[in-house]
Amino acid sequence: MSETLGTQHLLGIDDLTKDDIELILRTADGFKEVLARPMRKVPSLRDLTVANIFFENSTRTRLSFELAEKRLSADVVNFSAAASSTKKGETLLDTVNNILAMKVDLVVLRHQDPGAAVFLARNTKARIVNAGDGAHEHPTQALLDAYSIKEKFGRVAGLKVAIVGDILHSRVAWSNVLCLRKLGAEVMLCGPVTLIPKHAAELGVRISHDLDEALRWCDVANMLRIQMERQGGGPAYFPSLREYTMLYGLNRERYDRIGKEVVIMHPGPINRGVELSSDLADSAESIILQQVENGVAVRMAVLYLLAAGLDRTGNP
Ligand code: NCD
């Protein structure tokens, strides 16, 4: 069992081996224990500075990273594009290099463009953690999802996971497919024809356009939000939200018709009453808040493992 990651950055699940993923999940177990103590803090990153650089809106992911960093005793700086000089025409590379000139060791980056994290990793000296790049990857979300599934079932291998909704625009879906497949789960993508990428079947996943069929098949249903902001603001891929909800929304009546237990997940933010009804989101069948709780431990694990590879002798 390896105790170090095979990568210097966390740019996507695509770059991780099954061993890497298992190491992160194992390390997160230790941090989950730390978070249950009255003193929820360890000194592991005491000598390091982390910058959270967010060019896109975020609540959960940003708070989760910041808490993870603080619980590891890192110094933390936050940058939000809305209040920054990018509005004055500064490039991404200039913004980040200026931040790095202030001696930052790790950068957590969320950006609207796919490939932004890879670009920074190639062009700066810091370790980069991708916190979501356009519709490409969102690796820590997939890792915390896998962790939450494992916590619930005791395993991931052999389980059947349906990912439902706006697959086309979802970095969560893509990272989840890669992560779950590497861990030996079976995956089904379910949604309207227009929201499932054309060549998705080549990823080794099942495809369904029928939510009831997907629910009868799966152990876990991960309900995704319709990414309106990536559809030009309105529903461009189906006639109306009302029709979408009728066909692909999960509610109590539909759930009860399956006649078996399916664990409900959602990466947040939830559009209550669209992809998931309020009562189900808050029900005993949902592990949505456990996902959020586990996010901190998983992000602590990622930061801790990446920091282990840094030169911390103080040499310039
Ligand atoms: C997701 C994201 O931003 O990709 N949310 C998250 O990080 N928890 C999913 C979404 O925005 O729907």
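In this predicted model, the largest nonpolar core is built from 65 residues. Ile 24, Leu 106, Leu 143, Ile 163, Leu 189 and Leu 303 are the ones with the most contacts inside it.

Ile 24 makes a handy example of how the packing works out. Leaving aside residues up to four places away in sequence, Ile 24 touches Leu 5, Leu 16 and Leu 143, along with Val 298, Ala 301, Val 302 and Leu 305. There is also a second, separate core, this one with 27 residues, and Ala 162, Ala 214, Ile 226 and Ile 288 are among them.

Now for the ligand. Its surroundings include the arginines Arg 60, Arg 110, Arg 171 and Arg 225, as well as Thr 61, His 138, Gln 141 and Gln 227. Val 172, Pro 267, Gly 268 and Pro 269 also belong to the group around the ligand. Two helices turn up here: H2 (60–71) and H6 (171–182) each supply at least two residues of this shell.

In the side chain of Thr 61, an N or O atom sits 2.9 Å from an oxygen atom of the ligand. Gln 141 pairs up with a nitrogen atom of the ligand instead, its polar side-chain atom lying 3.3 Å away. Taken alone, the ligand exposes 320 Å², and the protein buries 93% of that.

Conventions: Residues numbered from 1 in each chain as written. Predicted model: local features only at pLDDT ≥ 70, side-chain atom pairs only at ≥ 80, totals over all residues. Heavy atoms only, no water. Core = buried A, V, L, I, M, F, W, Y, C linked by side-chain atoms within 4.5 Å. Buried < 20%, exposed > 50% of the residue type's maximum accessible area, 1.4 Å probe, protein only. Contact = heavy atoms within 4.5 Å. Near = heavy atom within 4 Å. Polar contact = N/O pair within 3.5 Å; in protein donor to acceptor, adjacent residues only side chain to side chain. Areas by Shrake-Rupley, 256 points an atom, 1.4 Å probe, with all protein chains shown as cover. Helix = DSSP H or I, 4+ residues; strand = E, 2+ residues; numbered from the N terminus.
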